[in-house]
Amino acid sequence: MSSDKKKMTREELGLQIIIFSLGFFYAIVYYVAAPGIVDLQAVSDQLLAYITAVLTAAFAIGVINITRVHVINIKRKRATWKYSVLLLVCLYAMAVFSMIASPYALDPQATVIPASVIAFSTPIWEFLYYKILVNINSSIFSLLAFFIASAAYRAFKARSFESTILLVAGLLVVLGQTPVADLVWPGFAAIRDWILAFPNTAGQRGILIGAALGILAFSARRLFRYPWG
Amino acid sequence: MYLLLLLVITVPVLTHSVILVPISPTTQAVYNFIDKLPPNSLVVESFDYATSVVPELHPQAIVVTQQLFLRPLKILFVALDPNGPPLADAVLDTVNKGNRTYGVDYANLGWIPNTATEIGMISNIAQFLPLDTHGTSTASLPIIKEFPAVKQAAFVITFDDDSSALYSYLQYWQGTFNISVAVGSTAIQAPGYMPLYNSGQLVGVLISIRAAAEYEALLYHQYNCCLGISGASSAMLALSTAQFLIIAMVVFANVGYFIGRRSAKKVE
């Protein structure tokens, strides 16, 4: 851990003051209740709402940047310009149909947008979302099954005492989770439940406490020192 | 190896065979809790998973929602993940709602955008979620007039793929108002929730698509219905064969490792 003795610039000092103030404000809100003087929780909730607005603006900047980069690709006819066209068409088509016909529709009661337009857009949005987006995302995630299979084949070897314990415990839990194995001998489920309830719980509790202490230390360090290093 | 894995998954899926799986204690705990809720209790279902884990968590959501509709309960659908509201609509299109009416017995309130809304809903739902997913004012819905605040809820179940939603419900809803919480989780997340289950913070844990198959068996035994409603029971054979293949590959790899080690020692 290197100690950074460099003097803060004015901007860094200003940022550090904001970080410090807001961090301690949220800590104080949790422990101090003075509703007769000022409703700290209401102030905290309002600030959170402003943060949500800022995050939304960040998303908008992301969309603007993607559009800018890919429009430049198309204008200059770079090697992958056709994929840029596809990306922009998919991005804006999904956005437009979502604004008309999804649970996030801007005008679900058809006050401004004609009901015929909503009726026309709804099956298209449902097809794009349920038939394309959900299935594509699920398929990409399902590729993990093959990676897990090859990783298990390569990694689960009894090279040492600890790795043997890991191997045996892992196999017993997998057997306990396998429906057919459970039907053949209920003991697999009982062993799985014992492993999850005792050794696993003990280990997870240690990890949780360690992680919580680490987050506490990092947060305190972040509040008091910018830039951190 | 990949081809073998593809075969052992695809062939059982194409046979559409159904296996009634033994029930694990964590799934039974959730089922029993919902079964024992007093009539007209408010239950909040939170859809907090992305489209990538739909195969694992969507079947859980279907079977739990079906049990909720089979009991005389009031249900609010919310989401801490932006993908939640359309997935909630998909579940509502799948289950048999009987004679329940939207707005009276259940409502889809949509996405909870931030923690301030999540905390504010505890005391006033209509103020912080003014419109439902149909654009209707939530204050005008009979279910919100009957239950204007989340603190009146008896139970919250979150289908969560990354634990952030679960921890926020435990922190803000259970911590202060002692609302019972359960979670539907992926297989990878489930071991991390065991401390919460064992300490009593969670009523139960639904683990992956197998919990959905167990739930279908429970619903079938009690209500003589709903077998195959989520497709989970027909996936159990494929799940079993795939897991057996992985176990076999691990055993085979270890046998090869020990044979190789013995050969190396002999050469020395």
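This is a predicted model: local features need pLDDT of at least 70, side-chain atom pairs count only at pLDDT 80 or more; totals for chains, interfaces and linings use all residues.
1. **Chain B overall.** Start with chain B, whose secondary structure comes to eleven helices and six strands. Along the principal axes, its C-alpha atoms fill a box of roughly 80 × 40 × 30 Å. Of the 268 residues in chain B, 49% are buried. If you take the contacts in chain B with a separation of 6 or more, 72% of them come from residues 24 or more positions apart.

2. **How chain B is divided.**

3. **Two helices to look at in chain B.** Next, find α1(B) and α11(B), whose axes come within 8 Å and cross at roughly 160°. An angle over 145 degrees counts as roughly antiparallel, so α1(B) and α11(B) are roughly antiparallel to each other. The crossing in which α1(B) passes α11(B) is right-handed. Which residues of α1(B) meet α11(B)? On the α1(B) side they are L4(B), L5(B), V8(B), I9(B), P12(B) and V13(B), and they meet L237(B), A238(B), T241(B), A242(B) and L245(B) in α11(B). The contact is made up of ten nonpolar residues and one polar residue, with no charged ones.

4. **Where the chains touch.** Chain B puts 46 residues into the contact between the chains, and chain A puts in 45. On the chain B side, the elements that give two or more residues are α1 (2-15), α3 (54-70), α4 (84-94), α5 (115-120), α9 (190-198) and α11 (236-267). What gives the largest share of that side? That is α11(B), with twelve residues. By type, the chain B side divides into 29 nonpolar, 15 polar and two charged residues. So if you followed α1(B) and α11(B) in the previous point, you'll meet both again here, since each is among the elements listed for this side.

5. **A helix pair in chain A.** Chain A is divided into domain 1 (7-74), domain 2 (79-142) and domain 3 (154-224). The C-alpha centres of domain 2 and domain 3 of chain A are separated by 41 Å. Now look at α3 (residues 81-101) and α4 (residues 115-142) of chain A, which pack at an angle of about 125° with their axes 8 Å apart. That angle makes α3(A) oblique to α4(A), and the crossing of α3(A) and α4(A) is left-handed. From α3(A), the residues M94(A), F97(A), S98(A), I100(A) and A101(A) take part; they meet V117(A), I118(A), S121(A), T122(A), I124(A), W125(A) and L128(A) in α4(A). Sorted by type, this contact has nine nonpolar residues, three polar and no charged.

6. Most residues other than glycine have a negative phi. You'll find H16(B) in the loop between α1 and α2 (25-35) of chain B. Is H16(B) buried or exposed? H16(B) is exposed, because 12 other C-beta atoms lie within 10 Å. S163(B) also has a positive phi, near 70°, and sits in the loop between β4 (155-160) and α8 (164-177) of chain B. S163(B) counts as partly exposed because it has 18 C-beta neighbours inside 10 Å.

7. **One more loop residue.** Finally, have a look at Q201(B), found in the loop between α9 and β6 (202-207) of chain B. Q201(B) counts as partly exposed because it has 15 C-beta neighbours inside 10 Å. Leaving out residues up to four places away in sequence, Q201(B) touches L170(B), Q174(B) and L196(B). The C-alpha atoms of Q201(B) and G175(B) are separated by 9.2 Å, and these two residues are 26 residues apart along the chain.

Definitions and conventions: Residues are numbered from 1 along each chain as its sequence is written. Chains are lettered from A and ligands numbered from 1 in the order in which they are written. Two residues are in contact if their C-beta atoms, placed from the backbone, lie within 7 Å. Helices (H or I, at least four residues) and strands (E, at least two) are DSSP runs, numbered from the N terminus. Ala, Val, Leu, Ile, Met, Phe, Trp, Tyr, Cys and Pro count as nonpolar, Asp, Glu, Lys and Arg as charged, and the others, Gly among them, as polar. A residue is buried if 20 or more other C-beta atoms lie within 10 Å of its own, exposed if 12 or fewer, and partly exposed in between; C-beta atoms are placed from the backbone. Axes are lines fitted to C-alpha atoms, for helices over the stretch in contact, and angles run from 0 to 180 degrees between N-to-C directions. Angles under 35 degrees count as roughly parallel, over 145 as roughly antiparallel, 65 to 115 as roughly perpendicular and the rest as oblique. A crossing is left-handed if the near helix is turned anticlockwise from the far one by less than a right angle, and right-handed if clockwise. Domain bounds come from an automatic or database domain assignment.
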